[in-house]
Amino acid sequence: HKYVYDFSEGNKDLKDLLGGKGANLAEMTNLGLPVPPGFTITTEACQAYLTTGREPDGLAGQIEKHLESLERAMGKRLGDPQDPLLVSVRSGAKFSMPGMMETVLNVGLNDQSVVGLSAQAGGNDRFAWDSYRRLIQMFGKTVCEVPGEEFEHALDEAKNAKGTSNDLDLDADDLRGLVDAYKKIFVKHTGREFPQQPREQLDLAIRAVFESWNAERAVLYRRQERIPADLGTAVNVVSMVFGNLGPDSGTGVAFTRDPGSGAQGIYGDYLANAQGEDVVAGIRNTVPLQELEQLDKSSYDELLSIMARLEEHYKDLCDIEFTIERGKLWMLQTRVGKRTAAAAFVIAGQLVDEGLIDLDEALHRVNGAQLAQLMFPRFQLDHEFQPVAKGIGASPGAASGTVVFTSARAVELAAEGKSVILVRRETNPDDLNGMIAAKGILTSRGGKTSHAAVVARGMGKTCVSGADEIDVNVPAKRFTVAGQTVNEGDVVSIDGTTGKVYLGEVPVMPSEVVQYFEGSLDPEHIDNALVRAVHRIMTHADGKRRLAVRTNADTGADAARARRFGAEGIGLCRTEHMFLGERRELVERLILARAEGEREAALAALLPLQRADFEEIFREMDGLPVTVRLIDPPLHEFLPPLEQLAVNVAVAQERGEDVAKEEALLAAVRRMHEENPMLGLRGVRLGLVIPGLFAMQVRAIAEAAVSCARGGGVARPEIMVPLVGAVQELETVRAEAEKIIAEVVGDSGVEVLIGTMIEVPRAALTAGQIAEAAEFFSFGTNDLTQMGWGFSRDDVEGAFFWRYLELGIFGISPFESIDRDGVGRLVRIAAEEGRAARPGLKLGVCGEHGGDPDSVHFFHEVGLDYVSCSPFRVPVARLEAGRAVV
Ligand code: ADP
Ligand code: MG
Ligand code: MG
C-alpha cells in the first residue's frame, strides 16, 4: 500500500489523501513554482495509526526511501554534522483547521549539526542556535507536551537579562544559553534528554502530527465546523528554507485579493529575519507586504507574478505562505483562501467579469449561510457615537456586549444568556470555547491573518483584531483606551466590517443587502460592489431554480416584507396568533360554552375578526397563493395556566367576590389538561370534536377571498388541515368545508383549494390514500421530525442533544437540517405515493427546514414544488434553490 507521495506525484485534487496543504504543495511543484522539495504521508496512514495505535506496516520503509531520495536531491543528509539537511514536519488535513494541529520546524538539528549548520551559513552562529532553540521549543511543546509557557518564560528571561524586548537583540551566546535552558526544561518534563538522533526526531514528530488530529481543541473545532471526525491528517515533510538568516531573509503571508472585502490589490504581512510562525504569532510587528518592494524588489516582483499565476490557475482567491532565504523566494503553502461573506460575493462577481468563471460557477462559490450573514443588522452611527479605537475589520457584523477577558468568563456569562465581547491581546487555540460563547471578539494585536481573525471568520463571528490603541490588562480585568478605562462588565460595540470600536451599546440598522432586498437601494445606480454582486447572483439563481419560494407569514406586514424579499406566496399562514390578545376572551367563551347557542355566539363574534385578518393578507399577496392552516394548537393553550387560575379563584373567594366564571374556567382547565399536549387534542382533531370551529375559519377565508375579488383583486386561498393521519379525517373536514365554500363563493370566480399537512408519520405512509382527498400536501417537517424521532422538540435540544452530537449520532440537530435518511425518507415516500395517486398534486414544505440551505437541496432533489420559510430566510432559500440546480 502506498502511504508516501513525493510532491511531484500529487496534485490539487488529491486533498482526501494528501490533505489540502500536501495536495497544493504538489500542485505548485508541478506548476514549476519554487517549492522546497519534500513528500507527504497520506491521511490513510494517519487513519491506520489512529485506529490501531501504531504505524501501519510498510510506512517506515517508504519514509526511508523518500527521505533518501530527498537527501539525494538536496545533496545533504538529514542531521549531518557537517552539512545537515533540516526538514519541517507539518500537519495538513483535507479541510484547513488554522492553528489547530501541529508543525515542527528545523528537525534534524542536534548538538553536532548545529555547528555544521552555522558553518554552512558562513559562520552564522546566531542563526544556527536560533534555529536549534526553536526546534527544542516546538518539539518539546508539540511532540512531548512540555508546557509552552516554560519556554516562553525562559525566552523572556533571556531578553530581560539583555535588557531588550526584541528577540533579534539576542546574540549567538544568548541563544546558546537559551538552548541549554530549554534542554533542562525538556528533561524536567519528559524525564529524558532531548533526542539527538535525527531520524528519531523525525519519527516522533510524524507520530505527534498524527496524534494532533485528536487534540482536544482540534476535536472542538471540527465539531463547530462540522468536519467529520475520521478523516485524519496528512503529514508533510519539507526541506527547510530559512527566513531567519539575516535582514536579507524573511517570511510572510499574502492574499491575492482582500479576504475581507474582495477588493483587488496587494494584501499581506511580511517580517524580515524571522521564521515560520513568527508572522501569525505576532512576536514582532509585521510590515505591510507592499514594503517588501523596497526591501527586495526582485523577490517582490516574483511573488506578485506567482500570485497572478496562482489566481489564474485556481480561478479563485488564494492565500499564500512564503519565505525568502537570502534573496531567494520559496513558496511554502497555498490554498483557495477563506473569505468573508461579502468578499465571497464580490470576488465571484469579479471573476465573472474577468472571464475566469461563468455565472453558474459564481453561484457555486457563494452560499446561503453567507447571504444570511450579509443580512445581519449594522450599527446606526448618526448620533453621538465616536469610535474610541480602530483595528482591522477581521470578520463582519455588528456586536455589542459585556466585556470579558477570559474564555472561562465568556462561557459563564453566555450561559446566563448575556451577550459578551471577548477582549484579548491576541487569541490562541485555548480561547476557542470563549470565542464560541462570545458574540464578538476584540484583540489589540494581530492582523487579518491572526488566530482571532481566521477562526472568527470561519465561525461567522464578528471580530475586530489588532486594535492597538487598546491596552489590555487581563489580570486586572480591564483595558484602557483614549484615556478611558473599560472594566469587565462594561458594554462595548465592535464593527467587524470597519474595525471600529465604540463604548456603550450602539443601535443597529438594516444592512445594505437588506436595504437592497427591501427595494431601497437600486443595484444599477449605486456604486456598491457588494450589492451589485448580490443582485447579479440572485438574479441568476432565480433564473435557474425550479423550486418556488414562499414564506411563513401570519400578518399583512410580514407578508408584505416577504414579498419584497421575493416570496412567491404564503406557504404557511398560522391562524392561532389571531386568537390572542383581546380575542382570548372570545376563545374562552367558546371553550366554556355549554349550550349550542353560546358556542355559536362566540364563533359568530370571531368570524368578522378572522375575515378581516385574511382580507389584509390576501390584499398584500394579491395574485399569489396563500396557504392558511386551520387552527392547530390545543385550545387549553389559550387559557390561563392552572396555578395562576387557582390562585385567582382563591383570592377572589377570600374577598367574597362572585367567582362563578373563574371557577368554570378552572374546571375547564382541569378537564382539558393533557400529559402530552403535542400528541393530544389538536389539529384536525379539534375540527372533528368542536362543532363549528373549522367551519367558522373556512367561512372567514372564503368570505375574505370573495371580498378581495369583488374589490378587483385576486385571492388564491389554499386551506390546509393540520395533523391529519388518516384520509377519513380529511374527508370529514373536507365535506363540511366544500359545502361552505360553494355557498360563499357562488359565482365570484374565487377558487379555493383544500389540502393537508403531512406531519404525522402515518400520513406519510398512507399518502396514496390521503392524496385522494387533498389537492396539495405541505410537509410540516417540525412535527414530522418530532414524531418521526419521538423527540419532544421543546425539551430535547437543551437537555441532551449535545451528547448526541458528541457521539456523532447526528452531525447537526435534525430540527435544524432535515434528517435525510429517516424523516427525509418519509417525505420521499409521501411525495412519490401522493403523486402516483394524484398526478399534479402540489407539494411544499413549511417547517423551519424550508430556510435551511442543505434541506433546500434535499427538497429540490425530492421534487417538491416549493419551500416556505420565514421572511428573512426567503433570499437564502432562493439562492440555495438556484444552487441546487447548477
Ligand atoms: P499551519 O498549518 O499552522 O500554517 P504550517 O505547516 O504551514 O502550519 O507551518 C507553520 C509555519 O512554518 C508557516 O509559517 C510555514 O510557512 C513555516 N514553514 C513550514 N515548513 C517550512 C519549511 N520547510 N521551511 C521554512 N518555513 C516553513
Ligand atoms: Mg500554514
Ligand atoms: Mg405541526
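Reply: The account below follows the annotated residues one after another.

This is a predicted model, in which local features need pLDDT of at least 70 and side-chain atom pairs count only at pLDDT 80 or more, while totals for chains, interfaces and linings use all residues. Residues are numbered from 1 along each chain as its sequence is written, and chains are lettered from A and ligands numbered from 1 in the order in which they are written.

According to the unreviewed UniProt entry, the annotation "binding site" covers Arg574, Arg629, Glu759, Gly780, Thr781, Asn782 and Asp783. UniProt positions are given in the numbering used here, feature names are shortened, and annotations may be inferred rather than shown by experiment.

The same feature name is placed by UniProt, again in an unreviewed entry, at Glu759 and Asp783. These two span 25 residues in sequence, yet no two of their C-alpha atoms are more than 5.4 Å apart, so they gather at one spot.

Glu759 lies in the loop between β30 (753–758) and α29 (761–765); helices (H or I, at least four residues) and strands (E, at least two) are DSSP runs, numbered from the N terminus. Glu759 is buried, with 28 other C-beta atoms within 10 Å. A residue counts as buried if 20 or more other C-beta atoms lie within 10 Å of its own, as exposed if 12 or fewer do, and as partly exposed in between, with C-beta atoms placed from the backbone. Leaving out residues up to four places away in sequence, Glu759 touches Leu723, Gly780, Asp783 and Leu784; contact requires that the two C-beta atoms, placed from the backbone, lie within 7 Å.

Asp783, one of these contacts of Glu759, lies in helix α31. Asp783 is buried as well, with 21 other C-beta atoms within 10 Å.

Gly780 is found in the loop between β31 (776–779) and α31 (781–789). Gly780 has 27 other C-beta atoms within 10 Å and is therefore buried. Apart from residues up to four places away in sequence, Gly780 touches Met757, Ile758, Glu759, Cys846 and Gly847.

Arg629 has its place in strand β28 (residues 625–629). With 26 other C-beta atoms within 10 Å, Arg629 is buried. Its contacts, leaving aside neighbours within four places in sequence, are Leu572, Cys573, Arg574, Thr575, Met720 and Pro722. Among them, Arg574 also belongs to the UniProt "binding site" annotation.
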